[in-house]
Amino acid sequence: MVSRKEIDDLVREEKKSSKLSRLEDNFYQEVHKLIKALKSELEGSKPGSAKYKILERDMGNTKNQLEKLFEFRTWKILRKSALQNDDKTDFGLANMTEEEKRMYHEIKNIINSYHSGIYKIINGKQSMPQPGIEENRGAKRKELEKEEIKKEMKEKTTEDTIKETQRDEYMVI
């Protein structure tokens, strides 16, 4: 099972390098086991006790570090998939997990599809898309984005409240 120290080291490594660090294919499954073990240990502790507060803070810190790691890796994959135009130059796929490889290829295919469509329009081989169809898609997309933002704001508010409570409780200890 992956440890908190390994996660911290990976975050540091991803932050300082422009290349993807090597992750084992089962990394996210191992992370799931770690979070599950932390939850189990937390549930086995008495709420309000010092041990409970320490475990709760440790789980929060671990999740925050995992979010950072995921964000660093996702941005690297997005940049590379947007810049790679030919299939012969796949970058560092060996350093990706299976989930990341799937994401990389899907993003790359979407970008290539749009590039191809734009080139066809430029070269007169395809007509411009009809505005009505695109407007409907745009309206649906905006509605979904609004819902997603509302959900994120609610989650952030809850997370901020938990973090403030944890910080205040830590200050008391």
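Arg-73 counts as buried, with a relative accessibility of 0%; buried here means under 20% relative accessible area, exposed means over 50%, and partly exposed lies in between (1.4 Å probe, protein chains only). Keep in mind that this is a predicted model, where local features need pLDDT of at least 70, side-chain atom pairs count only at pLDDT 80 or more, and totals for chains, interfaces and linings use all residues. Residues are numbered from 1 along each chain as its sequence is written, and side-chain values use heavy atoms, with hydrogens and water left out.

So what does Arg-73 pair up with? Its side chain meets that of Glu-100 in a salt bridge, and a salt bridge is a side-chain nitrogen of Lys or Arg within 4 Å of a carboxyl oxygen of Asp or Glu. This pair links distant parts of the chain, with Glu-100 in helix α4 (residues 98-122) and Arg-73 in helix α3, 27 residues apart. Helices are DSSP runs (H or I, at least four residues), numbered from the N terminus. Glu-100 is buried too, at 2%.

Glu-14 also forms a salt bridge with Arg-73. Here 59 residues separate Glu-14 in helix α1 from Arg-73 in helix α3 (residues 50-83). Glu-14 is buried at 1%. Glu-14, Arg-73, Lys-76 and Glu-100 are linked in a salt-bridge network.

Now for a pair within one helix: Arg-12 and Asp-9 sit about one helical turn apart, because they are three residues apart in helix α1 (residues 4-16). Arg-12 is exposed at 52%, while Asp-9 is partly exposed at 29%.

| Salt bridge | N to O distance |
|---|---|
| Glu-14 and Arg-73 | 2.5 Å |
| Glu-100 and Arg-73 | 2.6 Å |
| Arg-12 and Asp-9 | 2.8 Å |

The count comes to nine salt bridges.

Terms used: Helices (H or I, at least four residues) and strands (E, at least two) are DSSP runs, numbered from the N terminus.
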